Amino acid sequence: MARDVSTLGPSEGSLEEGDSARVRTPGLVGVYGAGVAMAVALPLRGESLEVGRGTPPLGEAEDPRMSRRHARIRFDGQRFWVTDLGSQNGTFVDGERLPVGAPREARRVIRMGTSLLVPSADVGPLERLGVERLDGFLRGPSFRAVLDEVARAARLGTSLHIHGESGTGKEGVARAFHAQGPRSTGPFIAVNCAAIPQALAERLLFGARRGAYSGAEADAQGYLQSADGGTLFLDEVVELDLSVQAKLLRVLETGEVLALGAAKPAKVDVRVCSASHQSLRALVAKGRLREDLYFRIGRPEVVLPPLRERPEELALLLQEQVDRVEPGMGTHVSLLEACLLRPWPGNVRELLVEVRVAVQKALAEGSRRVSSSHLGTGAGTAFGDAGGEASPAGRELSAKARTLEGEERARVEDALRKHSGNVSAAARELGMHRTTLRRLLERWDLPTSEREEEGEPGEK
């Protein structure tokens, strides 16, 4: 469960500046068990850790499909190794089943029964702080460390640059920067620079006087004047034309803005917060960002961790979205496992959209539980795999997701062979709705028998 707090600033449980020098505690993050999303730490305080049904950190609701002594986890200082201890239902590492007694390296996720655990080089912050709800958003320790930096910058500086992938919550962080600063009672004006036509950028940012151009029948405030006494958030600031960047720099240095058609500048008191998904220094080197503007808005900088590096938040976010779309809808462990194996280039924004679609698919089939079969094949996978544009981490996670789907297909084929192609009987054995199985068979172009049993298989 996530705790509620009222502010984004440092609190009694906040990360401290000295945490970077703290000794790390390797361990596991429990993110799902007994049908419930969670975020709990299982530290490895010795050479290894045995996990099974009844392991205290996993909560009172025991996973009935987990054995009492299910698996052993060992950390060698760099890598995590998992050994199945002869469990009844098996141990799966990154989507692949382990042979009993043979250690295998775990990188993304471990499944024991219907419980999911994620290897982590340091579970200390999660063990001490947990996951909290901050101004309506779930935030784990890594994101809260960023918010502590933002709070310090808000109190001490006049600008902030936010670097992060699409969908990581840059505007939310910018609003936190505004709320923590001395101009919190002033306006917060958010501008997507990538959406401003170049021909209109100067007028929209700096304003215009009546008669400045054809059709200008009245004075018009620009974004800078609208943000006077508050904060102007420039998302994807590098999309502004270099000539507009030069004029913006002058406003920041003089505190005066000259509207189009005006005879003299007007004073403005504006704090600028910028954001980009690209490196500003690299863009300066490419000539897309003025060097002098970089020194004005590029420091200090905070880097937002992508969703794939925040597994303690992913399961809770997913469960909340399912509950929001359809209260009472259940989640299958396969859905969480598939999501943990995908890179999510669109981060939280993409996850929420794809989960909403998955719930709608499950409802259309009459199912009361969302599984990996309802998740789109391209959901959360890296763009540009074929063209080499995806990051190595993204390609690896996409490959893991495809491996997981391959295993699901193998299970379906085995069940169909066992029941001579009878869909109803195979669906009962697989524990899925017949309509769900039919959709998978169509996707994979698998043959079935013409004869069907009457009735629908129950959900297990």
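Trainee: Is cysteine 273 buried or exposed?
Mentor: Buried means under 20% relative accessible area, exposed over 50% and partly exposed in between (1.4 Å probe, protein chains only). The relative accessible area of cysteine 273 is 0%. Cysteine 273 is therefore buried.

Trainee: What kind of model is this, and from which number do residues count along each chain?
Mentor: This is a predicted model, where local features need pLDDT of at least 70 and side-chain atom pairs count only at pLDDT 80 or more, while totals for chains, interfaces and linings use all residues. Side-chain values use heavy atoms, leaving out hydrogens and water, and residues are numbered along each chain, as its sequence is written, from 1.

Trainee: How many disulfides are there?
Mentor: A disulfide is a pair of cysteine sulfur atoms within 2.5 Å. By this rule, the count of disulfides is zero.

Trainee: Which residues have the most contacts inside the largest nonpolar core?
Mentor: A nonpolar core is a set of buried Ala, Val, Leu, Ile, Met, Phe, Trp, Tyr and Cys residues joined through side-chain atoms within 4.5 Å. The largest one has 38 residues, and those with the most contacts inside it are Val31, Leu116, Cys339 and Leu351.

Trainee: Which elements give two or more residues to this core?
Mentor: Elements here are DSSP runs numbered from the N terminus: helices (H or I, at least four residues) and strands (E, at least two). The strands that give two or more residues to this core are E2 (27–33), E3 (36–43) and E11 (115–120), and the helices are H9 (311–325), H10 (333–340) and H11 (347–364).

Trainee: In what order do the six strands of the open sheet lie?
Mentor: Two strands pair if DSSP finds at least two bridges between them. The pairing in this sheet is antiparallel, and the order is E3-E2-E11-E10-E7-E8.

Trainee: Which strands stand at the edges, and why is one side of each left without a neighbour in the sheet?
Mentor: Each edge strand has a single partner strand, so one side of it has no neighbour in the sheet. These strands are E3 and E8 (96–97).

Trainee: At about what angle does H10 run to E11?
Mentor: Axes are lines fitted to C-alpha atoms, for helices over the stretch in contact, and angles run from 0 to 180 degrees between N-to-C directions. H10 lies across E2, strand E7 (91–93), E10 and E11. Its angle to E11 is about 20°.

Trainee: With which residues is glutamine 321 in contact, leaving aside its neighbours within four places in sequence?
Mentor: Glutamine 321 sits in helix H9 and counts as buried at 3% relative accessibility. Contact means heavy atoms within 4.5 Å. Leaving those neighbours aside, the residues in contact with glutamine 321 are Leu352, Val355 and Arg356.

Trainee: Which residue is joined to arginine 299 by a cis peptide bond?
Mentor: Omega of this bond is about -5°.

Trainee: What is the phi of tryptophan 344?
Mentor: Tryptophan 344 lies in the loop between H10 and H11, and it is buried, with a relative accessible area of 0%. Although tryptophan 344 is not a glycine, its phi is positive, at about 50°.
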